[in-house]
Amino acid sequence: MPDVKLLVASRNAKKLRELRRVLDAEGISGIELVGLNEVPEFPEAPETGATFEENALAKARDGAAATGMPCVADDSGIEVDALNGMPGVLSARWSGAHGDDDANTALLLAQLRDVPDERRGAGFVSACALAVPGGDESVVRGEWRGVIARTPLGENGFGYDPVFVPEGDGRSAAELGPEEKDAASHRGRALRLLAPALQALTK
Ligand SMILES: O=P(O)(O)OP(=O)(O)OP(=O)(O)OC[C@H]1O[C@@H](n2cnc3c(O)ncnc32)[C@H](O)[C@@H]1O
Ligand SMILES: [Mg+2]
């Protein structure tokens, strides 16, 4: 049987790289990953959902409907305890400009300037959705707890990684190697939960 094509729907190049890395590491056989730049452009709805799950499902559904391929999508962000769970689903545009990692991170650090160490808890959240054209939908959630640092550290990863210190050895998420991040991260956890549904596509 030829490989099943699976669309991986993300416009964030660094996130896309993580999605592909984790899916490849899961060693799911018989699936060929296809990126958005390998399929004809299609209209993508704005991410207006109130939850990560809603947004992830909408992205996966759009991709599946437009291409006829099963489609996996991630919607993610950071929930900061001292901000009552914000930026949450607004993480990508917290400073106003979509995907401006430096501005988003700087605004978050400024907002938390007077928050003491014991109240700097936060968690990354990833909802990963799978939509099969005309068929099943599933969505799972992964979380990664840590604290918000006082200054950015590290060059790896993307987004809020330099200011997020996961529970563990005190390094920021941007100081972890790619495989170290995948093993612990919200996205890694969510995608591994989705692995059985992905493998089932080949049956
Ligand atoms: O929607 P797509 O095209 O996948 O790409 P995006 O960057 O817009 O992604 P989201 O809408 O899911 O927004 C997620 C934002 O949350 C942040 N984020 C999510 N996962 C992260 C991670 O692993 N490390 C650091 N920041 C992360 C980062 O700022 C992202 O821009
Ligand atoms: Mg987005």
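Modeller: Let us begin with the aromatic residues, where ring pairs link Phe124, Trp144 and Phe164 into a cluster. Please keep in mind throughout that this is a predicted model. The structure holds three aromatic pairs, and one of them joins Phe124 and Phe164.

Colleague: What makes Phe124 and Phe164 a pair, and why is the pair called tilted?

Modeller: The ring centres of Phe124 and Phe164 are 4.5 Å apart, and rings pair if their centres lie within 6.5 Å. Their planes meet at 55 degrees, whereas stacked requires under 30 degrees and edge-to-face over 60, so the pair is tilted. The pair links distant parts of the chain, with Phe124 in strand β4 and Phe164 in strand β6, 40 residues apart.

Colleague: Are Phe124 and Phe164 buried or exposed, and how do you know?

Modeller: Buried means under 20% relative accessible area. Phe124 has a relative accessibility of 6% and therefore counts as buried, and Phe164, at 0%, counts as buried too.

Colleague: Which residues does Ser172 touch, and why is Ser172 called buried?

Modeller: Ser172 lies in the loop between β6 and α4, and, leaving aside its neighbours within four places in sequence, Ser172 is in contact with Leu153, Gly154, Asp161, Pro162, Phe164, Val165 and Pro166. Its relative accessibility is 1%, so Ser172 counts as buried, the limit being under 20%.

Colleague: Let us turn to Asp75. What does UniProt say about Asp75?

Modeller: The unreviewed UniProt entry places the feature "binding site" at Asp75, and the annotation "active site", also from an unreviewed entry, covers Asp75. Such annotations may be inferred rather than shown by experiment. In the model, Asp75 is in strand β3.

Colleague: How does the span of α2 compare with the expected one, and what do its buried residues pack against?

Modeller: Helix α2 has 16 residues and reaches 23 Å from its first C-alpha to its last, close to the 22 Å expected at 1.5 Å a residue. Its buried residues, among them Phe52, Asn55 and Lys59, pack against β1, α1, β3, β4 and β5. Just after α2, Gly68 takes a positive phi of about 75 degrees.

Colleague: Why does Glu18 count as buried, and which residues is Glu18 in contact with?

Modeller: Glu18 lies in helix α1, and its relative accessibility of 4% is the reason why Glu18 counts as buried, since buried means under 20%. Leaving aside its neighbours within four places in sequence, Glu18 is in contact with Phe158, Lys181 and Arg187.

Colleague: Finally, how far apart are Gln199 and Ser29 in sequence and in space?

Modeller: Gln199, found in helix α5, is 170 residues from Ser29 in sequence and 7.3 Å from Ser29 in space, C-alpha to C-alpha. The side chain of Gln199 reaches the backbone oxygen of Ser29 at 3.3 Å, and Gln199 touches Ile28 and Ser29, not counting residues up to four places away in sequence.

Methods:
Residues are numbered from 1 along each chain as its sequence is written. Chains are lettered from A and ligands numbered from 1 in the order in which they are written. This is a predicted model: local features need pLDDT of at least 70, side-chain atom pairs count only at pLDDT 80 or more; totals for chains, interfaces and linings use all residues. Side-chain values use heavy atoms; hydrogens and water are left out. Helices (H or I, at least four residues) and strands (E, at least two) are DSSP runs, numbered from the N terminus. The expected span of a helix is 1.5 Å times one less than its number of residues. Buried means under 20% relative accessible area, exposed over 50%, partly exposed in between (1.4 Å probe, protein chains only). Contact means heavy atoms within 4.5 Å. Rings of Phe, Tyr and Trp (its six-membered ring) pair if their centres lie within 6.5 Å; planes under 30 degrees apart count as stacked, over 60 as edge-to-face and the rest as tilted. A polar contact is a pair of N or O atoms within 3.5 Å; within protein, one must be able to donate a hydrogen and the other to accept it, and residues adjacent in sequence count only if both atoms are side-chain atoms.
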